[in-house]
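Please keep the sequence and the model in view while reading.

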Amino acid sequence: MKSLIVANWKMNPQTLKEAERIFNSVRRGFKNTKRVEVVICPPFLYISSLKSSQKRKSLHGSRQVSNLKLGAQDCFFEERGSFTGEISPAQLEDLGCQYVILGHSERRRYLKETDEIINKKIKKCLEFKLNPILCIGESLEERENGQTINILQTQIKEGLREITKKEMQTVVIAYEPIWAIGSGNACSVDEAQSIGLLIKKIVAQLYGRTVFKNLRVLYGGSVDSENAANYIKEARLDGLLVGGASLKSEEFLEIIRNSGKSS
Ligand code: PGA
C-alpha cells in the first residue's frame, strides 16, 4: 500500500500568489512514485486555481504528476440549497477534489462540530467520489485522565455510524492527538504505533477483518522531515497529516521523500 501524505494548509497562505508558489514548487519537486500518494488541502477558494494551474502545466509538457491530488479541509452535509456560506461535496467533486478532511479538532473546538455532524458530512461525501479523512484524537486533559481509548472509541463509532462495509473502503482515519498539533511536541513513535493498532482493532470489531486490512490510518501532529519516516517505517502507519510543515515546500518535499514504504 502507498503511504498517503496529506497537507493541511489550514487558513494559510494569505494570498493566491503564495498558494500557487507553494503548490507549484511541490508539484515540480515531487517525483511520481508508486510508493507515495500526496494530497494538498488548501483553503476552498484556492482549489480551483491550483487545479487549473496543474492542468495547464501538464498541457504545456510538464510531467503529469498523477499521485499529486487535491483535497478540501471540510465540506457541508447537504448537496445543494439554502446553506449560506457552506460548500457542498458535489461542488468539491466538480473541482476535481478527491479527499476531504473531516472532524479536525480545530473545527470540533472552534466551530463546535459534534460526532453527529461529522457523521452526516462523511455520509454525504461518500455519495460523491470523495474519500473522507476522519480526524480523531484526545486532548491533553483527556490523555492525563486516562480517557484516550474511550474518546477514540466514541469518535470512531459515532463518526462512522451507519457507514457500510463497502463504503469503509474509501474512508481514511487520521489520529491527531490535540496536544501534539502545532506544539512541536509530536507523539512518540511507540505510542503512535499502539494507537494505530488500537484504531484498526476498533474498526475490525465494527466491520470485520477485511476492512481492517485495507484501512489507512494516518498520524498527524507536529510532523516534520526529521520524524516523518519513523511513523511510516517504524510505527508502520499508513501515512501522515501534515499542518505547519506542509507550507514550506522544501520541508514538505523532504517529508514526502522520507515517507515511501519500502515494501
Ligand atoms: P501540525 O498540524 O502538523 O502543524 O501539528 C497538523 C494538523 O492539525 O493537521
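**Pockets and ligand site**

The lining of the second largest pocket comprises five nonpolar, nine polar and three charged residues; here Ala, Val, Leu, Ile, Met, Phe, Trp, Tyr, Cys and Pro count as nonpolar, Asp, Glu, Lys and Arg as charged, and the others, Gly among them, as polar. The model is a predicted one, in which local features need pLDDT of at least 70 and side-chain atom pairs count only at pLDDT 80 or more, whereas totals for chains, interfaces and linings use all residues. Residues are numbered from 1 along each chain as its sequence is written, and side-chain values use heavy atoms, with hydrogens and water left out.

A pocket is defined on a 1 Å grid over the protein atoms alone, as an open set of points where a 1.4 Å probe fits, with protein on both sides within 12 Å along at least five of seven lines; its lining residues have an atom within 4 Å of a point. The second largest pocket holds about 220 Å³ of space, a volume being the space filled by probe spheres set on grid points that are joined across faces, edges and corners. Of its 17 lining residues, Gly 182, Ser 222, Val 223, Gly 243 and Gly 244 lie nearest the centre.

Around the ligand are 13 residues, the closest being Lys 10, His 104, Glu 176, Gly 182 and Ser 222; a residue is counted if one of its heavy atoms lies within 4 Å. This shell contains four nonpolar, seven polar and two charged residues.

A side-chain N or O atom of His 104 is 2.7 Å from a ligand oxygen atom. From the backbone, an N or O atom of Ser 222 lies 2.7 Å from an oxygen atom of the ligand, and a polar atom of Gly 244 is 2.9 Å from a ligand oxygen. The protein covers 94% of the 280 Å² of accessible area that the ligand has on its own, as given by the Shrake-Rupley method with a 1.4 Å probe.

The largest pocket has a volume of about 490 Å³. Its lining numbers 22 residues, with Lys 10, Met 11, Gln 73, Asp 74 and Arg 107 nearest the centre, and divides into twelve nonpolar, five polar and five charged.

Finally, the peptide bond from Asn 12 to Pro 13 is cis, with omega near -10°.

Technical notes
A polar contact is a pair of N or O atoms within 3.5 Å; within protein, one must be able to donate a hydrogen and the other to accept it, and residues adjacent in sequence count only if both atoms are side-chain atoms.
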